[in-house]
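Please read the points below alongside the coordinates. They cover the ligand site, the sheet and the helix packing.

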Amino acid sequence: MQKQEKIIEMFNQIAPTYDKSNRILSFGMDINWRKKACERVLNLYLKQDLNIIDVACGTGDMIEIWQKSALKLKKNINTIKGIDPSKVMLEIAKQRFKDLEFIEAKAQNLPLELENADIVSISYGIRNVMQRQEALREFSRILKKDGILLVLEFTRREKKGFIAFFRDFYLKNILPFIGGLISKNKEAYKYLPNSIDEFLSQEEFVKELEDVDFKVLELKDFSFGISSMFIAQKV
Ligand SMILES: C[S@@+](CC[C@H](N)C(=O)[O-])C[C@H]1O[C@@H](n2cnc3c(N)ncnc32)[C@H](O)[C@@H]1O
């Protein structure tokens, strides 16, 4: 099996316990990171009647936050769609949001029309995409001019200082232990720290975005750099 297919299969396996593990392993912090990111984008992007595409949507956590943030900031969502290649993740998302459209597809090959999206988001997903440049080009293709790409991700960090030591210890020891107990799939939770080590630094990812003609508007660290937020605009 190709590496990309193995990753998707791993997400199929952990999907039933994914939400529970997520909340416990991030101490609920991920909800706060998502809220801050969605609200920031909605405050920056002034248009109404938004078409939002959430790529690598998993069980739909970002979709819930987009809806709540839009309500809070009095923004109207015209359409919101979730895309993910994992069947089991999508089955859970469909149960959660019965009226929404979900599409089984990979980020590098989106069955979506040209320049129709106002916002594309991908949270903790781009690290799993093997053909990352193709995916970034797809995001640019489906976005309207001036549309916004929001990426939340765990980026590779310098392993210096106390916080880096704690982050590394947590990711390599505590997370696989607890994630393994909840999901009964320790290997999947060992994949997370390895995939972060194999991913890009913030600076490298900014460069990739710029290579695809995105203008990076904001780059922010959450919780001492555990999570990074990139807001980029299609120019
Ligand atoms: C860590 S989960 C994140 C899910 C959700 N975005 C969230 O924030 O909870 C990563 C997701 O990426 C999806 N994924 C893996 N490979 C992908 C690809 N090539 N294109 C799009 N999504 C992919 C997985 O199926 C999984 O649902």
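The numbered points start with the basis of the model and then go through its parts.

1. This is a predicted model, in which local features need pLDDT of at least 70, side-chain atom pairs count only at pLDDT 80 or more, and totals for chains, interfaces and linings use all residues. Residues are numbered from 1 along each chain as its sequence is written, and side-chain values use heavy atoms, with hydrogens and water left out.

2. The ligand is surrounded by 20 residues, the closest being Arg-34, Ala-56, Asp-84, Ala-107 and Ser-123 (a residue counts if one of its heavy atoms lies within 4 Å). By class, this shell holds 10 nonpolar, seven polar and three charged residues (Ala, Val, Leu, Ile, Met, Phe, Trp, Tyr, Cys and Pro count as nonpolar, Asp, Glu, Lys and Arg as charged, the others, Gly among them, as polar). Helix 1 (residues 3-25) gives the most to the shell, with five residues (helices, H or I of at least four residues, and strands, E of at least two, are DSSP runs numbered from the N terminus).

3. Polar contacts are pairs of N or O atoms within 3.5 Å. Oxygen atoms of the ligand lie 2.9 Å from a polar side-chain atom of Tyr-18 and 2.6 Å from one of Ser-123. A polar backbone atom of Ala-56 is 2.6 Å from a ligand nitrogen. The protein covers 98% of the 590 Å² of accessible area that the ligand has on its own (Shrake-Rupley method, 1.4 Å probe).

4. Seven strands make an open sheet with mixed pairing, in the order 3-2-1-4-5-7-6 (two strands pair if DSSP finds at least two bridges between them). Strand 3 (101-104) and strand 6 (214-222) are the edges, each pairing on one side only. The twist averages 15° from one strand to the next (axes are lines fitted to C-alpha atoms, for helices over the stretch in contact, with angles from 0 to 180 degrees between N-to-C directions).

5. Strand 6 runs antiparallel to strand 7 (residues 227-234), joined by eight bridges. Phe-214 has Lys-234 in strand 7 as its bridge partner.

6. Helix 8 (residues 202-211) lies across strand 5, strand 6 and strand 7, at about 160° to strand 6 (contact means heavy atoms within 4.5 Å).

7. The axes of helix 1 and helix 4 (residues 87-96) come within 7 Å and cross at roughly 35°. The residues of this contact divide into seven nonpolar, one polar and three charged.

Note on methods: A polar contact is a pair of N or O atoms within 3.5 Å; within protein, one must be able to donate a hydrogen and the other to accept it, and residues adjacent in sequence count only if both atoms are side-chain atoms.
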